Amino acid sequence: MTNDRLILILKVCISAGISLILLGIYLHNFNETVEAMGVTGIIISALCVALGMVLSLPTKMYLTFLLVRREAEKQE
């Protein structure tokens, strides 16, 4: 797998993670159906935020590492 392909996959993971975080915030703050569900609704919105964090944060760190390494190789 080439670096360009890997970077594309990581960017997609970051985008999906941020989208899940925003979905969880929307569900928690603005959706009456989730509010009416009680604890189950809170768990659903928290699960969206947690999965978004899992997708976005580690991939962001790895993507930064790849970009720094690529920049160092270009300067040599």
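**Figure 1. Pro 58 within helix H3.** In this predicted model, Pro 58 sits in helix H3. Its relative accessible area is 43%, so Pro 58 is partly exposed. The view also takes in Leu 10. Pro 58 and Leu 10 are 48 residues apart along the chain. Their C-alpha atoms are separated by 9.6 Å.

**Figure 2. Met 53 and Ile 14.** Helix H3 also contains Met 53. Met 53 has a relative accessible area of 39% and is therefore partly exposed. In sequence, Met 53 and Ile 14 are 39 residues apart. In space, the distance is 9.1 Å, C-alpha to C-alpha.

**Figure 3. The contact of H1 with H3.** The axes of H1 and H3 lie 7 Å apart. The two helices pack at an angle of about 150°. Angles over 145 degrees count as roughly antiparallel, so H1 and H3 are roughly antiparallel to each other. The crossing of H1 past H3 is left-handed. What kinds of residues make up the contact of H1 with H3? They divide into 22 nonpolar, 8 polar and 4 charged.

Figure 4. The structure holds 2 aromatic pairs. In one of them, the ring centres of Tyr 26 and Phe 30 are 6.2 Å apart. Their planes stand at 35°, so the pair is tilted. Planes under 30 degrees apart would count as stacked, and over 60 as edge-to-face. Both residues belong to helix H1, which covers residues 3–30. Tyr 26 and Phe 30 are 4 residues apart there, so about one helical turn separates them. Are these side chains buried or exposed? Tyr 26 has 41% relative accessibility and counts as partly exposed. Phe 30, with a relative accessible area of 55%, is exposed. The cut-off for exposed is over 50%.

Figure 5. Tyr 62 and Phe 65 form a tilted aromatic pair. The distance is 6.4 Å centre to centre. The angle between the planes is 35°. Where do Tyr 62 and Phe 65 lie? They are in helix H3, residues 39–75. Being 3 residues apart, they are separated by about one helical turn. Tyr 62 is at 38% relative accessibility, so it counts as partly exposed. Phe 65 is also partly exposed. The relative accessible area of Phe 65 is 47%.

**Figure 6. The chain around these close-ups.** How many helices and strands are there in the chain? There are 3 helices and 0 strands. From the N terminus on, the elements run α-α-α. The radius of gyration of the chain is 17 Å. For 76 residues, the globule rule gives 11 Å. The value for the chain is well over that figure, so the chain is more spread out than a compact globule. Along the principal axes, the C-alpha atoms fill a box of roughly 60 × 15 × 15 Å. Of the 76 residues in the chain, 22% are buried.

Notes: Residues are numbered from 1 along each chain as its sequence is written. This is a predicted model: local features need pLDDT of at least 70, side-chain atom pairs count only at pLDDT 80 or more; totals for chains, interfaces and linings use all residues. Side-chain values use heavy atoms; hydrogens and water are left out. Rings of Phe, Tyr and Trp (its six-membered ring) pair if their centres lie within 6.5 Å; planes under 30 degrees apart count as stacked, over 60 as edge-to-face and the rest as tilted. Buried means under 20% relative accessible area, exposed over 50%, partly exposed in between (1.4 Å probe, protein chains only). Axes are lines fitted to C-alpha atoms, for helices over the stretch in contact, and angles run from 0 to 180 degrees between N-to-C directions. Angles under 35 degrees count as roughly parallel, over 145 as roughly antiparallel, 65 to 115 as roughly perpendicular and the rest as oblique. A crossing is left-handed if the near helix is turned anticlockwise from the far one by less than a right angle, and right-handed if clockwise. Ala, Val, Leu, Ile, Met, Phe, Trp, Tyr, Cys and Pro count as nonpolar, Asp, Glu, Lys and Arg as charged, and the others, Gly among them, as polar. The radius of gyration is taken over C-alpha atoms; the globule rule is 2.2 Å times the number of residues to the power 0.38.
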